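User: I would like to learn how to read a few features of a protein model. Can we take them one at a time?

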Amino acid sequence: MTHAITARCLCGGIAYEISGPVPAAYHCHCERCRRATASPFTTWFTVPKQNLRFTKGEPKRFQSSPGVTRSFCADCGSPVSYERETAPETIDLYAASLNDASLIHV
């Protein structure tokens, strides 16, 4: 990839970019993801935390279940990330936040 992947929340208060390749992308339809997004499923992509850089704002974080931390924009409520204690080097991000969703393939 020759350019960074960029993304933002609905209001633009949180923005980030990803450098390097996206090693995984998938759909999730578990109860917690459905509730977090108010939709029948969501699409995630996983990247190494070292490849993520917030370029504007910082999301609010909360523990949604044991060993899981989710984040969102405190102003507009857009979900931003999902982190697992069992995978401390990676972070899952919502594909819906991408400025160009065609860059992610599930």
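User: Start with the cysteines. How far is the sulfur of cysteine 33 from the closest cysteine sulfur?

Analyst: This is a predicted model, so read the distances as computed from its atoms. A disulfide needs two cysteine sulfur atoms within 2.5 Å. The sulfur of cysteine 33 is 3.6 Å from that of cysteine 28, its closest, and that is too far for a bond.

User: What is the case for cysteine 76?

Analyst: Its closest cysteine sulfur belongs to cysteine 73, at 3.7 Å, again too far for a bond. By this rule the count is zero disulfides.

User: Now the sheets. In what order do the strands of the six-stranded sheet lie?

Analyst: The general idea: strands of a sheet pair through backbone hydrogen bonds, either parallel or antiparallel. Here the six strands form an open sheet in the order 3-4-9-8-7-6, with antiparallel pairing. Strand 3 (24–28) and strand 6 (60–65) stand at the edges. Each has a single partner strand, so one side of each has no neighbour in the sheet. Neighbouring strands of this sheet are turned by 30° against each other on average, direction ignored.

User: How many bridges join strand 3 to strand 4, and which residue pairs with alanine 24?

Analyst: Five bridges join this antiparallel pair. The bridge partner of alanine 24 is threonine 46 in strand 4.

User: Why is strand 4 said to be largely enclosed?

Analyst: Strand 4 covers residues 42–48, and six of its seven residues are buried, so the rest of the structure largely encloses it. Strand 4 also runs antiparallel to strand 9 (residues 90–94), joined by five bridges. Across that pair, valine 47 stands opposite isoleucine 91.

User: How do strand 7 and strand 8 pair?

Analyst: Strand 7 (residues 68–72) and strand 8 (residues 79–84) are antiparallel, over five bridges. Serine 71 faces serine 81 of strand 8 as its opposite residue.

User: What joins strand 1 to strand 2?

Analyst: Four bridges, in the antiparallel sense. Arginine 8 stands opposite alanine 15 in strand 2. The hairpin of these two strands has six residues between them, and glycine 12 takes a positive phi near 85° there.

User: And how many bridges join strand 2 to strand 5?

Analyst: Four, between strand 2 (residues 15–18) and strand 5, which run antiparallel. Isoleucine 18 stands opposite leucine 52. Tyrosine 16 has phenylalanine 54 as its bridge partner.

User: Last, the pockets. Which residues lie nearest the centre of the largest pocket?

Analyst: Rolling a probe the size of a water molecule over the atoms shows where empty space is left. In this model, about 210 Å³ of space lies in the largest pocket. Its lining has 13 residues, of which Thr42, Pro79, Tyr94, Ala96 and Ser97 lie nearest its centre.

User: How do the residues of that lining divide by type?

Analyst: Six are nonpolar, six are polar and one is charged.

Key:
Residues are numbered from 1 along each chain as its sequence is written. This is a predicted model: local features need pLDDT of at least 70, side-chain atom pairs count only at pLDDT 80 or more; totals for chains, interfaces and linings use all residues. Side-chain values use heavy atoms; hydrogens and water are left out. On a 1 Å grid over the protein atoms alone, a cavity is a set of points where a 1.4 Å probe fits but cannot get out, and a pocket is an open set with protein on both sides within 12 Å along at least five of seven lines; lining residues have an atom within 4 Å of a point. Grid points are joined across faces, edges and corners, and a volume is the space filled by probe spheres set on the points. Ala, Val, Leu, Ile, Met, Phe, Trp, Tyr, Cys and Pro count as nonpolar, Asp, Glu, Lys and Arg as charged, and the others, Gly among them, as polar. Two strands pair if DSSP finds at least two bridges between them. Axes are lines fitted to C-alpha atoms, for helices over the stretch in contact, and angles run from 0 to 180 degrees between N-to-C directions. Buried means under 20% relative accessible area, exposed over 50%, partly exposed in between (1.4 Å probe, protein chains only).
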